[in-house]
Amino acid sequence: MRKPQTAIPAGRSGDQANLWALLNTVEFGILLLSPDQRVEYCNTAFLRIWRLPMEPDMAGVVGMALDTLLAKAGGMLARPGEQTRFLMHAAPDGGADVKLDLPMADGRLITQHSHVVNGADGQPQGRLWVYEDVTVARRNATQLAHLAERDALTGLYNRHRFNEEIERLCADAQRSKSRLALLFLDLDGFKYINDTFGHRAGDATLMRIAKVVAGQVRRNETFARLGGDEFAILVPDTPDDVLKLLAGRITRSISEARIEFEGELMQVTCSCGIAVYPGNATTPDGLIACADAAMYEAKEAGKNAWRICQTSPSDDARALASTLSPDARVLHALEHQLLVPHYQGVYDTHGALRHYEVLLRIRDGERSDALTLPGEFIGWAEKSGRIVDVDCWMLRHAIEHLARDASIPALAVNVSGRLLIDDTVPALISRELARHGVAPQRLLVEVTETSVVSDLHDARRFIGALQDTGCTVVLDDFGTGFSAFTYLKHVNVDSIKIDGLFVRDFPNDPENQLFVQAIVMVARGLHKTTVAECVEDQATMDILAALGVDYVQGFHLQVPHTRLPKTFVKC
């Protein structure tokens, strides 16, 4: 075996020795092979990387044949036989430069760069192999890539990666003339959990729901958290019947999920909207808008439900425009006095008028007989925040109307959940009542059950502030959230309005009769009155009276009208 000095050309031993000493200080492992595949030089980093004994002057390594060296170090390789054969094949002089990753048996990852070394005459003089331990660097790079495309809380794809995927999958669907479905999920009642139990409980809920839904998602589908309590699933080339089954399984699994946090048992549901490319939309933005609109339809249907978009490709542009134009229409109506109040009486079960509810319509500027109903603009106004302006206009109008005519009974105004976080609204009501000299008892403010349950803390504060003004507070649409009655103990409303969903076809639905009876019993126990809406026939009114409902409202008693009668007649 040759000594290390034999690898140093005569006449330059000092320079070469200095170079070798310098190379011993670098972090890269260096191995220099002679043309006959023997070791001419290696540094200490090479021995460290390959877990070889540290020897002075590399005496035990220099001069060693490559196959002998690989036999000594090959036990460190993850796949010794396969990798050793490859390294021996890559070693001969004159071959191309080689770069490869070497997985090690202990979990490390080593990169190897192999270069042919030519002499002054251009002929190969051997081969230089350079090794680097990149285990930590690769792990860090992988983590950075993960963070760039993953949601930190749930580990799902984030909005950035979702946007990339929907663009790519839409392009794939266009090329292959196939379909791409988007399921848009929004949790119901999540804000209530955050406000009641804190954000740590909210985080625990999101992680649990992500795990539950992930169990329903297949390998070729993309599941992402878009932010807050919004999730999305991209499903390639799947027929409508399978999509409906998937949406049903997801909504059911979420509603059945057991979520525990510090001994508290929590539950959420979700509203799901489905849209399909190119059946409903021809662009990624259009697909998102359609799925979002379908999701809102599911929420309006009572939540814990799914809806599939019915928009056709020819309607795509109009569907996208509809996500923008209602807000502009509301603003236009506010600025040009096109909001038209309608009034519908609320009666006791003997036919005596108690008060009127103020219902809103928007008049077409060019056609005075063309009216836009609330279902066509309220949802969008709430989404944009314009509903706050509408509600404040309605409150001012009602108070002014009460001031003009002292003979009319109380007026009820339904306000959006958006107002629950606005501390200025009760002050506005109190100021307007005082300015117009209207007794507070003549104004009723209705807030929906879903808005109260989703934000119980703000709702309690808002309701308390309203009652400080002297106004009556009504809990509207009761029953739509399928909530437990226990929360009523913590919400000091004066009256409960039973949602019309439980009153329609009332004589033929004994289950709804039982539900209404339960509401009446709970309301009486809590000293609250009850109102049933959507009463459309005398048979329904008679049953409601027998069950103890205090007040009724509906087309059977009065059709909404723009004028109030000067005298009040019994039904």
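## Confidence of the model

The mean pLDDT of the chain is 82, and 84% of its residues reach 70 or more. The structure is a predicted model, and the confidence of its parts is therefore described before the details of the fold.

Among the elements of the chain, strand β21, residues 551-552, has the highest mean pLDDT, at 96. The lowest mean, 44, belongs to helix α11, which covers residues 316-322. Over residues 316-325 the pLDDT stays under 50, and the model has 16 contacts beyond four places in sequence for this stretch. A further stretch in which pLDDT stays under 50 is residues 566-571, with 13 contacts beyond four places in sequence.

## A mixed sheet of five strands

In what order do the 5 strands of the open sheet lie? The order is β7-β8-β6-β11-β12, and the pairing is mixed. Strands β7 (222-227) and β12 (305-308) form the edges, each pairing on one side only. From one strand to the next, the twist averages 20°.

As a general point, the strands of a sheet pair through backbone hydrogen bonds, either parallel or antiparallel. Strand β6, residues 180-188, and strand β8, residues 230-236, pair in the antiparallel sense over 7 bridges.

## Two loops around helix α10

The loop between β11 and α10 (284-300) contains P278. What kind of peptide bond joins Y277 and P278? The bond is cis, with omega about 0°.

The phi of N304 is near 50°, which is a positive value in a residue other than glycine.

## Helices α14 and α15

Helix α14 (residues 387-404) packs with helix α15 (residues 424-436) at an angle of about 20°, and the two axes are 10 Å apart. Angles under 35 degrees count as roughly parallel, and α14 and α15 are therefore described as roughly parallel to each other. Their crossing is right-handed.

Helix α14 contributes C392, L395, R396, I399, E400 and A403 to the contact, while α15 contributes V425, L428, I429, E432, L433 and H436. By residue class, this contact divides into 8 nonpolar, 1 polar and 3 charged.

## Helices α18 and α19

The axes of helix α18 (residues 510-525) and helix α19 (residues 538-547) come within 10 Å and cross at roughly 40°. Are these helices parallel or oblique to each other? The angle places α18 and α19 in the oblique class, and they are therefore oblique to each other. The crossing of this pair is right-handed.

From α18, the residues that make the contact are Q513, V516, Q517 and V520; from α19, they are I543, L544 and L547. The residues of this contact divide into 5 nonpolar and 2 polar, with no charged residue.

## Summary of the helix pairs

Both pairs described above have a right-handed crossing, α14 with α15 and α18 with α19. The pair α14 and α15 is roughly parallel, whereas α18 and α19 are oblique. The contact of α14 with α15 includes 3 charged residues, whereas that of α18 with α19 has no charged residue.

Technical notes
Residues are numbered from 1 along each chain as its sequence is written. This is a predicted model: local features need pLDDT of at least 70, side-chain atom pairs count only at pLDDT 80 or more; totals for chains, interfaces and linings use all residues. Side-chain values use heavy atoms; hydrogens and water are left out. Axes are lines fitted to C-alpha atoms, for helices over the stretch in contact, and angles run from 0 to 180 degrees between N-to-C directions. Helices (H or I, at least four residues) and strands (E, at least two) are DSSP runs, numbered from the N terminus. Angles under 35 degrees count as roughly parallel, over 145 as roughly antiparallel, 65 to 115 as roughly perpendicular and the rest as oblique. A crossing is left-handed if the near helix is turned anticlockwise from the far one by less than a right angle, and right-handed if clockwise. Contact means heavy atoms within 4.5 Å. Ala, Val, Leu, Ile, Met, Phe, Trp, Tyr, Cys and Pro count as nonpolar, Asp, Glu, Lys and Arg as charged, and the others, Gly among them, as polar. pLDDT is the predictor's confidence in each residue, from 0 to 100. Two strands pair if DSSP finds at least two bridges between them.
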